Amino acid sequence: MGTPTNFTQADDAHIATTYKRLLEISAIKTVKPWLQIDLLHRLLEPQLYAEAEACNQLLVDFVAQIVQRKHRNWQLRNAIDDAEDVTWQRRIFIEQMFQLAANGELTLQDIEDEAQSMVLVSFETVSNSIMIALLCLATHKGDCQERLRAEIATVLPHGNDASYVGVEQLQQLRYLDAFVNEALRLLATVPMNLRHVSRDFQLAEREAIVPQNTIIVLDTFNMQRDAAWWGDRAKQFEPQRFLQHQLALDQEQEQHEQTDGPNSQRRHSYSFLPFSKGLRTCIGRRYSFFIMKVFLVKLLNSFEFHSDLQLDQLQFVEGISLKFRNADDILFQIQPHKQT
């Protein structure tokens with residue numbers, strides 16, 4: 001929302017720790033679904049309920065202060081622009097929402113509620129995604145790092161100069177795309193997803209009916225490791241699989257255009273859900289993906305990453321965001337990269 005927080009330097013208001021705790025409580029309510037009923041939560045675990053309420057109120061107040069301050073600044077700037085007859089200018093997302101509120105399509109409370117949800121779901125996810133990508137980079141014993149550097153050098157306008165990386169360059173980094181996708185597939189930063197069933201529906205090829213108003217949990221982590229969609233080496237880190245899949249789709253599309261035949265190579269569209277899908281897909285998916293690529297380009301340009309850890313040695317903790325039980329055992333060796 002265009003507001004610096006500096007949580008990594010100081011968390012005097014305990015905002016970061018509160019967000020972390022609220023995610024932990026959300027994970028508890030996922031594995032204990034009866035706690036999602038407010039009355040049962042208060043009766044069965046009153047201390048946890050009180051803690052959750054306190055955490056939530058602190059974060060609601062924090063986001064509300066940001067939104068209200070940004071709204072006042074937006075109103076002031078709009079008044080100045082109107083007085084000076086300033087034409088259209090680019091606006092960040094929250095300013096577009098303020099414009100909708102000015103048009104009567106939203107209220108300020110609607111914006112605060114949406115901002116609260118956006119901040120909560122984005123907390124840690126981008127930083128975790130970058131760390132997971134670096135973990136895959138450090139543990140991969142092949143030529144992955146050199147291949148990435150070679151691709152980056154051919155795409156950047158000044159070879160190894162990564163001081164400026166634009167969207168145009170990022171879109172040309174096909175192997176980096178595959179690398180990031182494979183990291184998000186194998187180590188899903190959001191390993192589970194909740195959905196509210198809006199109407200009764202029958203499970204495919206089964207007699208079971210899922211009734212309306214049910215809360216269902218999508219096991220994204222294991223879906224993205226399912227051998228039925230990803231082959232016998234589904235639990236191995238292989239960025240090449242995404243390049244091969246894209247190549248197969250391109251060839252299939254070319255054949256389809258020539259013969260008007262059916263598609264046969266397409267992997268199930270819901271076998272890979274790093275940012276969810278459908279109407280509830282993450283609105284920040286493109287931003288997150290580009291941020292990951294920018295960080296990796298700059299880090300690869302300056303450093304080499306190595307680790308003695310193997311990915312199959314990781315021990316996972318159930319939660320809203322991916323955590324490792326043996327996090328203290330994950331060690332990186334980071335060395336300056338010697339430019340050739």
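S276 is buried, with a relative accessible area of 14%, where buried means under 20% relative accessible area, exposed over 50% and partly exposed in between, for a 1.4 Å probe and protein chains only. The residue lies in the loop between α12 and α13. Phi of S276 is near 65°, a positive value in a residue other than glycine. A positive phi, near 70°, is also found in N213, again a residue other than glycine. N213 sits in the loop between β3 (209-210) and β4 and is exposed, its relative accessible area being 51%.

The model is predicted, so that local features need pLDDT of at least 70 and side-chain atom pairs count only at pLDDT 80 or more, whereas totals for chains, interfaces and linings use all residues. Residues are numbered from 1 along each chain as its sequence is written, and side-chain values use heavy atoms, with hydrogens and water left out.

The protein has 13 helices and eight strands; these are DSSP runs numbered from the N terminus, with helices (H or I) of at least four residues and strands (E) of at least two. Of the 340 residues in the protein, 37% are buried. Among contacts with a separation of 6 or more, 69% join residues 24 or more positions apart, a contact being heavy atoms within 4.5 Å.

The largest nonpolar core has 47 residues, and F179 and L187 have the most contacts inside it. A nonpolar core is a set of buried Ala, Val, Leu, Ile, Met, Phe, Trp, Tyr and Cys residues joined through side-chain atoms within 4.5 Å. Two or more residues of this core come from each of α6 (125-139), α7 (144-155), α9 (174-186), α12 (240-259) and α13 (285-302). Apart from its neighbours within four places in sequence, L187 is in contact with I132, L135, C136, R225, L311, L314, F316 and L322. A second, separate core of 16 residues includes Y19, L59, F62 and I66.

N326 lies in the loop between β7 (323-324) and β8 (333-336). This asparagine counts as buried because its relative accessibility is 8%. When neighbours within four places in sequence are left aside, N326 is in contact with Q313, L314 and Q315. A polar atom of the N326 side chain lies 3.1 Å from the backbone oxygen of Q313.

A search of the whole structure finds zero disulfides, a disulfide being a pair of cysteine sulfur atoms within 2.5 Å. Such a link is a covalent bond between the sulfur atoms of two cysteines. The cysteine sulfur closest to that of C144 belongs to C136, at 8.8 Å, which is too far for a bond. C144 counts as buried, at 1% relative accessibility, and C55 also counts as buried, at 10%.

The second largest pocket has a volume of about 960 Å³. A pocket is defined on a 1 Å grid over the protein atoms alone, as an open set of points with protein on both sides within 12 Å along at least five of seven lines; lining residues have an atom within 4 Å of a point. Grid points are joined across faces, edges and corners, and the volume is the space filled by probe spheres set on the points. This pocket is lined by 23 residues, of which R195, F201, I216, L218 and Y270 are the closest to its centre. β1 (193-196) and β4 (215-218) each supply at least two residues of the lining. The largest share, three residues, comes from β4.

Methods. A polar contact is a pair of N or O atoms within 3.5 Å; within protein, one must be able to donate a hydrogen and the other to accept it, and residues adjacent in sequence count only if both atoms are side-chain atoms. On a 1 Å grid over the protein atoms alone, a cavity is a set of points where a 1.4 Å probe fits but cannot get out, and a pocket is an open set with protein on both sides within 12 Å along at least five of seven lines; lining residues have an atom within 4 Å of a point.
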